[in-house]
Amino acid sequence: KPKTILEVGCGEGHVTDKLARFFPGARVLGTDFSTAIIDIAKREHPDREFEVCSVYEAARLGTWDLVVACEVFEHLDDPAKALEVVSTISTGHVLVTVPREPLWRALNMLRGQYWSAWGNTDGHVQHWSRGAMVKFVSTRLDVVDTRSPLPWTQVLARSRSAAGARA
């Protein structure tokens, strides 16, 4: 049970709120690079803690038992740098979720969305298959479990420093 949880790229704070309810008693902080989005999160979830902070700068927030990046890595110009930061600040586990490609685009096309971009959602600059995401996360973290609920990939990983401390 994590005592401290950081959500990077929290958007409007919906997952941050769910994490706080699922782990009562834990300190849960949601962060996003956008001041406007954090203002929305604070307004929609006034009893939760939010702060403006880019994933690339999250090391300034210290270390966390659990770091969550839900629907973040597909938006990043430098996902390797973000994974480096996330792996450094986690003392326990990291949970990463991304849309599963090429399924994500195909489903967008089927629902009549983003035709001119061949189904690519606005802001998605990275495209991850399940295997590619698992391989990517494995470069810095020890993968514990993966799930593929339609149409996402979810990867739960453990900090290598935390795994070494248990050995």
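Me: Which residues of helix α5 (residues 130–138) are called buried?
Reply: They are Met133, Val134, Phe136 and Val137. Buried means under 20% relative accessible area, against over 50% for exposed and values in between for partly exposed, with a 1.4 Å probe and protein chains only.

Me: What do the buried residues of α5 pack against?
Reply: These residues pack against α3 (79–89), β5 (90–99), β6 (141–147) and β7 (152–159). A contact means heavy atoms within 4.5 Å.

Me: On what kind of model does this rest?
Reply: The model is predicted, with local features needing pLDDT of at least 70 and side-chain atom pairs pLDDT 80 or more, while totals for chains, interfaces and linings use all residues. Residues are numbered from 1 along each chain as its sequence is written, and side-chain values use heavy atoms, without hydrogens and water.

Me: How many helices and strands does the protein chain have?
Reply: There are six helices and seven strands. Helices (H or I, at least four residues) and strands (E, at least two) are DSSP runs, numbered from the N terminus.

Me: Why is the protein chain called as compact as a globular protein of its length?
Reply: Its radius of gyration is 16 Å, close to the 15 Å that the globule rule gives for 167 residues, so the description holds. The radius is taken over C-alpha atoms, and the rule is 2.2 Å times the number of residues to the power 0.38. Of the 167 residues, 44% count as buried.
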